[in-house]
Amino acid sequence: MCGILAILGCYDKTVTKRSRCLELSRRLRHRGPDWSGLFVDEAAGVYLAHERLAIIDPASGDQPLFNETKEIVVAVNGEIYNHEALKAGMKAHQYNTQSDCEVIAHLYEEIGEEVVVKLDGMFSFVLVDLRDKSFIAARDPLGITPLYLGWGSDGTFQLTLFVKFVTIVCRLAAFLQLFPARICSCHVFIFNIGIDLAGSVWFASEMKALKDDCERFVTFPPGHIYSSKEGGLRRYYNPPWFNESIPAEPYDPLILRHAFEKSVIKRLMTDVPFGVLLSGGLDSSLVAAVAQRHLAGSKAAKQWGNKLHSFCVGLEGSPDLKAAREVADYIGTVHKEFHFTVQVRSFSHVLDIFRMHLFKDEFCA
């Protein structure tokens, strides 16, 4: 869970803009307490900030990340599970870190915007190509990691009243059925986008970094890429099951089981201590059971041991705590319980307790 903030197409070269970027990035620091990075290229109008939560290569994987020539820079929130397979199928590159996210910069250097269809992971990222001052932003197919898109207040918004007028006319035309509603809505959306693009384009992991400096902002849709070359969003994730046709293949529980186990196993990719939240319900119990079964053969086990650590949070004597304890005993995890009391007043307090237990000598041995 990292935090990213990108301000692109902003040609305010004053020190104030750089300071403002850092100030807004601090609003995301709870997402990444391990490192704060900033890349600025005033000539290209680029401000790219990153708040890092270190999972892979905590020693040298600080962001933003670059290709060899530092002409491509990227800030990423997420994990790329197939980064080793991608590296094996690419040309020889000089990697500056062991971060799973650095592969994005090098892969973009080879295949351009098609990089998004090659990634297997949970991610949102902003990448800038300084060779032509273009940029892209993308979000993973299911929208696991958050991302928001905004348009800066530095654009040509003197036309705001005219925009509102056009919007009202189009909606009235749709109401009177002069044109199909979808055509009117489409024209309003395109018109607004065309006006907004005159100013800077912003991306952030949370809305709080955009709300004060953007004329408007929207949720970045999952499975989409924003391309400055194309001037907008397009969907890159188009699986066959997106259509409304009824599947013809019969249900096969073995296929479902294999896909589920594969999804859990690839998430055992970490260079830091880890565990699972276990409520004792069906979902968390299945995840914990698969993780415990396959942990011994993973790289993580070489660093942190073959025993999975599980955690449950709840009121003392609650059914969840009891059920989680039973599951933990059955699958053999190192289980810890945390009780909500009058003294535990916030979730941040619980996180502090988690950190205290995660970094005990017995767990890191």
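Reader: Where is Asp-57 found?

Author: Asp-57 sits in the loop between strand 3 and strand 4. Bear in mind that this is a predicted model.

Reader: And what's its phi?

Author: Asp-57 has a positive phi of about 50 degrees, although it is not a glycine. Most residues other than glycine have a negative phi.

Reader: Is Asp-57 buried or exposed?

Author: Asp-57 is buried, because its relative accessible area is 9%, and the cut-off for buried is under 20%.

Reader: Which peptide bond is cis?

Author: The one joining Gln-63 and Pro-64, with omega about 0 degrees. Pro-64 belongs to the loop between strand 3 (46-52) and strand 4 (65-66). Most peptide bonds are trans.

Reader: OK, Lys-70 next. What's the phi there, and where is it found?

Author: Lys-70 is not a glycine either, and its phi is positive at about 60 degrees. Lys-70 lies in the loop between strand 4 and strand 5 (72-80). With 47% relative accessibility, Lys-70 counts as partly exposed.

Reader: Switching to helix 3, which of its residues are buried?

Author: Helix 3 covers residues 103-111, and its buried residues are Val-103, Ile-104, Ala-105, His-106, Leu-107 and Tyr-108.

Reader: What do those pack against?

Author: Among the partners of the buried residues of helix 3 are helix 2 (83-88), helix 4 (115-118), strand 6 (121-129) and strand 7 (134-139). Strand 4 and strand 5 are also partners.

Reader: And what follows helix 3?

Author: Gly-112, with a positive phi near 70 degrees.

Technical notes
Residues are numbered from 1 along each chain as its sequence is written. This is a predicted model: local features need pLDDT of at least 70, side-chain atom pairs count only at pLDDT 80 or more; totals for chains, interfaces and linings use all residues. Side-chain values use heavy atoms; hydrogens and water are left out. Helices (H or I, at least four residues) and strands (E, at least two) are DSSP runs, numbered from the N terminus. Buried means under 20% relative accessible area, exposed over 50%, partly exposed in between (1.4 Å probe, protein chains only). Contact means heavy atoms within 4.5 Å.
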